[in-house]
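The following explanation leads the reader through one protein model.

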Amino acid sequence: MSAAPSPGRWYNRVWRWHFYAGLFCIPLVLWLATTGSVYLWKPQIEALIDRPYAHIAVPGARASAADIASAAVKAVPGSVLHRYQLPDTTEQAVQVIVGKAGTETRVYVNPQDLRIVKTVEEEDRLMRLVFRLHGELLIGNPGSWIVETAACWAIVMILTGVYLWWPRGATGLGGVLWPRLHLRGRGFWRDIHAVVAIWTSIFALFLILTGLPWANVWGDYFKQVRAVTGLAEGPQDWTTSSNAGRTKMMGEHAEHGGMTMDHPLADYRPLDRIIANVAPLGLAGPVLIAPPVARDDLWTAKSDSGDRPLRVNLTVDGISGTIVGRKDFADRHWVDRAVGYGIAAHEGQLFGLANQMLSLLAALGLFVTAASGALMWWRRRPEGLLGAPLPLGTPRFGGVLVGALLLLAILFPMFGLTLIAMLAAEWAVLRRFRPAARWLGLPPTSR
């Protein structure tokens, strides 16, 4: 019977996995930490962008909501009404979203003289651009696959990093819970890397896991699992990256074909009746009112608050303006509520400024961890080699390791697929191609 691997050999093998996972993840972690930090401040940034249109109306008569919606539709010839956003104050320009040929445009209308003060396509808005940079690298589904794969391997990087950090014969807490700033060179950067990483790891795992529902593969995978296991109840309140480029408000409409609400609406007068009943409810903003999806008189009004537990969906009779249905966050399936809390925290909107600051610190920790890891690798790598830790002996895959890998592969399909591809490439090509094997630090096999 073969002897069990020594702690040194296990440490070396884990280090190699950590190295390869980090090498792939570091550029994307730096990117995601940067773009995510910007997106955290979406409410403040959008308020600053809309500041020129926040005080354009003066006390006096105002146009009806029906006339405002009509003016917005006329501003984009051939368009139809998609959503009417209730202004927060009487001084603001009213924002109306209209659609034409699959493209949505946000129209800012002066509520007194119906003058159009601004138009911008939804996908051209700054925070939509940041959202797409963060989630799909501006290249659609392929970008989402890349980001999702990096997120899955980042989980491996964090778990193996905790194993490497675990104190073994340490004589103090320096270098374990706080960095020894008096050190120089590799020791200093090792402490910065390890200590910042361990303090950040829980938050990093939380950010990764709460971001996966948006991912293309995992989001669809999760949706199918819910359908099979009976954990789905009605349409979900978030989109995956494959359709995240379309506006998020469509939420429930998206599940029923509402993405293409391109039938003309002849009468906008129900808006005034609906607003008269919805506005006094004080729903968390932004409050969006959408026309019927089918050719009936049932309109939708909803709170699209970034703090998702505050969201409310209303069904309103357009003829009378009466609210005929209401669904609060508490009425959703417990899975939807759990994901909703996670997404709100991920976006920094669950508990206000404190959430934003905490998430910013986590993003900065990820940035420092990735940057210090890259610096250590660059400084220690041999000339002309990748610099991966050299393997000590032939790897043996015990039951615990195999079980852990299978569990990760089931939970995160992109990890499983890329792991299989990586192992197949190493076995079939890299170890049999001596220059590549030498560059990677792998022992070449006989042909």
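A residue is called buried when its relative accessible area is under 20%, exposed when that area is over 50%, and partly exposed in between. The model to which this term is applied here is a predicted one. At 40% relative accessibility, Leu138 therefore counts as partly exposed. Leu138 is found in the loop between α4 and α5, and its phi is positive, about 65 degrees, although the residue is not a glycine. Leu137 is placed in the loop between α4 and α5 as well. Leu137 also has a positive phi, of about 55 degrees, without being a glycine. Because its relative accessibility is 22%, Leu137 counts as partly exposed.

Another backbone feature concerns a proline. Pro286 belongs to the loop between α9 (270–278) and β5 (287–290). The peptide bond that leads from Gly285 to Pro286 is cis, with omega near -5 degrees.

The chain as a whole may now be considered. The protein chain contains 14 helices and eight strands. It has 447 residues, of which 46% count as buried. Its accessible surface comes to about 22300 Å², and carbon and sulfur atoms account for 66% of that area. When contacts between residues at least 6 apart in sequence are considered, 63% of them join residues at least 24 apart.

Which residues of the largest nonpolar core touch the most other members? They are Trp153, Phe412 and Phe415, in a core of 35 residues. Elements that give two or more residues to this core include α1 (7–39), α6 (186–211), α12 (399–411) and α13 (413–428). The greatest contribution comes from α5, with eight residues. Beyond its neighbours within four places in sequence, Phe415 is in contact with Cys152, Trp153, Val156, Leu405, Leu408 and Ala409. There is also a second, separate core of 30 residues, and Leu271, Ile275, Trp299 and Val316 are among its members.

The packing of helices can be followed from α6. Two packed helices are described by the angle between their axes and the distance between the axes. For α6 and helix α11 (residues 352–380), the axes come within 8 Å and cross at roughly 140 degrees. Angles over 145 degrees count as roughly antiparallel and those from 65 to 115 as roughly perpendicular; α6 and α11 are therefore oblique to each other. The crossing of α6 past α11 is left-handed. Residues making this contact include Trp189, His193 and Phe203 of α6, together with Leu358, Leu366 and Met376 of α11.

The axis of α6 also comes within 9 Å of that of α10, and the two cross at roughly 120 degrees. The helices α6 and α10 are therefore oblique to each other, and α6 passes α10 in a left-handed crossing. Here Phe206, Leu207, Thr210 and Gly211 of α6 meet Gly342, Ile343, Ala345 and His346 of α10.

The last stop is Leu440, in helix α14 (residues 434–440). Leu440 counts as buried because its relative accessibility is 11%. Not counting residues up to four places away in sequence, Leu440 touches Arg16, Tyr20, Leu386, Ala388 and Leu430. Between Leu440 and Gly387 the separation is 53 residues in sequence, while their C-alpha atoms are 7.2 Å apart in space.

Technical notes
Residues are numbered from 1 along each chain as its sequence is written. This is a predicted model: local features need pLDDT of at least 70, side-chain atom pairs count only at pLDDT 80 or more; totals for chains, interfaces and linings use all residues. Side-chain values use heavy atoms; hydrogens and water are left out. A nonpolar core is a set of buried Ala, Val, Leu, Ile, Met, Phe, Trp, Tyr and Cys residues joined through side-chain atoms within 4.5 Å. Buried means under 20% relative accessible area, exposed over 50%, partly exposed in between (1.4 Å probe, protein chains only). Helices (H or I, at least four residues) and strands (E, at least two) are DSSP runs, numbered from the N terminus. Contact means heavy atoms within 4.5 Å. Accessible areas come from the Shrake-Rupley method with a 1.4 Å probe; for residues, only the protein chains shown count as cover. Axes are lines fitted to C-alpha atoms, for helices over the stretch in contact, and angles run from 0 to 180 degrees between N-to-C directions. Angles under 35 degrees count as roughly parallel, over 145 as roughly antiparallel, 65 to 115 as roughly perpendicular and the rest as oblique. A crossing is left-handed if the near helix is turned anticlockwise from the far one by less than a right angle, and right-handed if clockwise.
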